[in-house]
Amino acid sequence: MADMTLSDWQARAAILNIEGRAFIDGQYTPTASGETFACVSPIDGRKLADISLAGADDVERAVAVARKAFDSGVWSQMAPRARKDTLKRFADQVRAHADELALLESLDMGKPVADAASVDVSGAAYAIEWYGEAIDKIGGEVAPVDPKLLGLVTREAIGVVAAVVPWNFPIMMASWKIAPALAAGNSVILKPSEKSPLTAIRLAALARDAGIPDGVFQVLPGAGDTGRLLALHMDIDCLAFTGSTGVGKLIAGYAAQSNLKRVWLELGGKSANIVLDDCPNLLRAARSAAGGIFFNQGQVCSAGSRVLVHNRIKDRFVEALAEAARGWQPGNPLDPDTTMGAIVDRIQFDKVRGYIDAGRRESTLLFGGNAAEPVKNGLYIEPTAFLTEPGSVIEREEIFGPVLSIVGFDDVNDAVRLANDSIYGLAGAVWTSNLSTAHTVSRALRAGTVWVNCYDEGGDMNMPFGGFKQSGNGRDKSLHALEKYTELKSTVIKL
C-alpha cells in the first residue's frame with residue numbers, strides 16, 4: 001500500500017468484487033434457505049454486499065463434510081512437513097492479496113486501512129506461517145516407565161473444530177484460531193461475526209488456492225444462531241470462541257448440553273494501566289495510554305480502558321494525555337493518515353454513546369464525548385476520557401469504545417487492589433522506575449498479560465494471549481495454542 005492515497009483507496013473500493021456466499025466443501029455456495037443479510041459499511045453507511053445467512057441445514061452439511069475430510073486422512077494424516085508447506089503457501093496467498101484484504105477489513109469494520117494492512121493482514125499472514133513452521137518441530141515423549149514397557153505420549157488432532165471469531169480484528173483473530181487448528185491436522189469451520197464477515201469469506205478461497213483440501217477449511221457466515229448451532233452440534237469436537245463474556249457463558253452451556261466438546265474462550269476485559277509516581281517518562285506513559293484505549297476506536301478486548309494514576313502526578317498526566325489524544329481524532333478510514341476510524345455499527349455506536357451519557361452523570365468529563373462526522377453518514381466518536389471513582393459504571397463495565405476512565409490512588413497496594421477488583425483479568429500494565437516494584441506489581445496483578453513501562457506491545461507469536469477469571473480460559477498464540485486443538489494419548493507397549 002506504499003504511496004497509496006485516499007483517492008486511490010476510494011477508487012479501488014468502487015470496483016471491488018465482494019464475495020458474500022458461504023464456503024462449503026471447497027466452493028462458494030448459497031445457503032440452503034437462500035436467506036441473506038446486508039453488510040453495511042460504518043464508514044459512510046453504504047451497503048457493501050448481501051451475505052449468506054447460514055442455518056441449520058448449512059451447519060449440518062459443513063460438519064458432515066468436515067468430518068468426512070478428517071476421517072479420510074487427506075489432511076489429518078498428511079505428513080507434518082507437507083502441512084507446513086501448505087500453510088506457508090496459505091500465508092503467501094494472504095500477503096499476495098494484502099491490499100484487497102486490508103480494504104475489505106476497513107470497509108467492513110471501519111478501521112483505518114493503514115492499520116488493517118500493517119496490523120491485521122500482516123499479523124494474520126505471520127500467524128499462519130508461524131504455525132506452519134512450528135508443526136514439524138514438535139514431537140511427543142518417551143515416558144519413564146517400567147523398563148519392561150515402552151511408554152509413548154503423543155498428541156493427535158482433536159477432529160472437527162469450530163472457530164467463532166469477533167468483529168474487531170476479523171482476519172487476525174481468525175488466524176489465531178484456524179492456524180494452530182489446521183497445523184495440528186484438524187478440519188476447521190470458521191464462523192465470522194455478522195458485523196464483519198468479508199475477510200473470512202475471502203480467506204477461504206485463498207486457503208483452497210494454497211492447497212488446503214476441500215472440506216478441511218470452511219466458512220459459515222451468519223448471526224448468533226449460527227454460532228449456537230455449532231456449539232450444540234454433537235459432531236463438533238472443539239469450539240474456540242473470542243467475544244463477550246456473556247456470549248462465552250452461553251457457549252459453555254451449549255457444550256455442556258451437547259457432547260461436552262472442548263470449549264476455549266477468550267472473553268472481555270477491563271484492563272488497568274497503573275502509572276506510579278516514579279514513572280520513568282510521564283509523556284511516554286500518556287502517549288502509550290492514549291494508544292492503549294484509542295487504537296482501533298477502543299474496540300480491543302485488552303484495551304487499557306482504566307488508567308490508575310498516582311494522585312501526586314495525576315494532573316500532569318491528564319494534561320499530557322489530553323495532548324496525546326489530539327493525535328487520535330476520527331478521520332476517513334480510507335485515508336492512510338487516519339489514526340482513528342469508525343465504530344463498527346449503529347448498535348455498538350449507540351452502546352458507546354450510552355456509556356458516555358452515564359459517564360457525564362456520574363463522573364467528570366475531561367475531553368471528548370461527542371459524535372463526529374469526518375465522513376457523512378458514518379459512525380464516529382471522539383476520543384473520550386473521564387475522571388471517575390472506583391465502582392462507577394464506566395469504570396467497571398466493558399465499553400468497547402474510545403472511552404477511558406481515570407482513577408487516582410495514593411498507595412501502590414491500593415492500585416493493585418483496584419486493578420484486581422474486576423470480574424475480568426485479561427491484561428494490565430505498570431509504569432515504574434523501580435525494578436523490584438515492577439516485578440512485585442506484575443506478579444500481583446491477576447491478568448494473563450502484564451506490560452511494564454509500555455502498553456499493548458510485544459505482538460510476537462511466541463507470547464501466549466488470554467485471560468484470568470471471566471476473561472476466559474486457554475491461550476491463543478504461541479506453542480501453547482496447539483495444545484487446545486489436540487488430544488493427549490498414552491500408548492504402552494510391553495517389550
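Mentor: Of the 495 residues of the protein chain, 58% count as buried, where buried means under 20% relative accessible area, exposed over 50% and partly exposed in between, with a 1.4 Å probe and protein chains only. The model is predicted, so local features need pLDDT of at least 70 and side-chain atom pairs count only at pLDDT 80 or more, while totals for chains, interfaces and linings use all residues. Residues are numbered from 1 along each chain as its sequence is written, and side-chain values use heavy atoms, with hydrogens and water left out.

The protein chain has 16 helices and 23 strands; these are DSSP runs, numbered from the N terminus, with helices being H or I of at least four residues and strands E of at least two. Its radius of gyration is 23 Å, close to the 23 Å that the globule rule gives for 495 residues, so the chain is as compact as a globular protein of that length. That radius is taken over C-alpha atoms, and the rule is 2.2 Å times the number of residues to the power 0.38. Of the contacts between residues at least 6 apart in sequence, 75% join residues at least 24 apart; contact means heavy atoms within 4.5 Å.

Now the interior itself. In soluble globular proteins, nonpolar side chains tend to be buried together. The largest nonpolar core here holds 112 residues, of which F90, F317 and L321 touch the most other members. Such a core is a set of buried Ala, Val, Leu, Ile, Met, Phe, Trp, Tyr and Cys residues joined through side-chain atoms within 4.5 Å. Helix α5 (residues 113-135) gives the largest share of this core, twelve residues. Leaving out residues up to four places away in sequence, F317 touches V275, L282, A285, A286, A289, V307 and V309. A second, separate core of 24 residues includes I24, V164, L220 and A255.

Two loop residues can be examined in the same way. A184 sits in the loop between α6 (170-183) and β8 (187-191), and is buried, with a relative accessible area of 12%. Beyond four places in sequence, A184 touches R83, I135, A157, L482, Y485 and T486. S478 sits in the loop between β22 (468-469) and α16 (480-484), and is buried with a relative accessible area of 2%. Setting aside neighbours within four places in sequence, the contacts of S478 are W130, Y131, M461, N462, M463 and P464.
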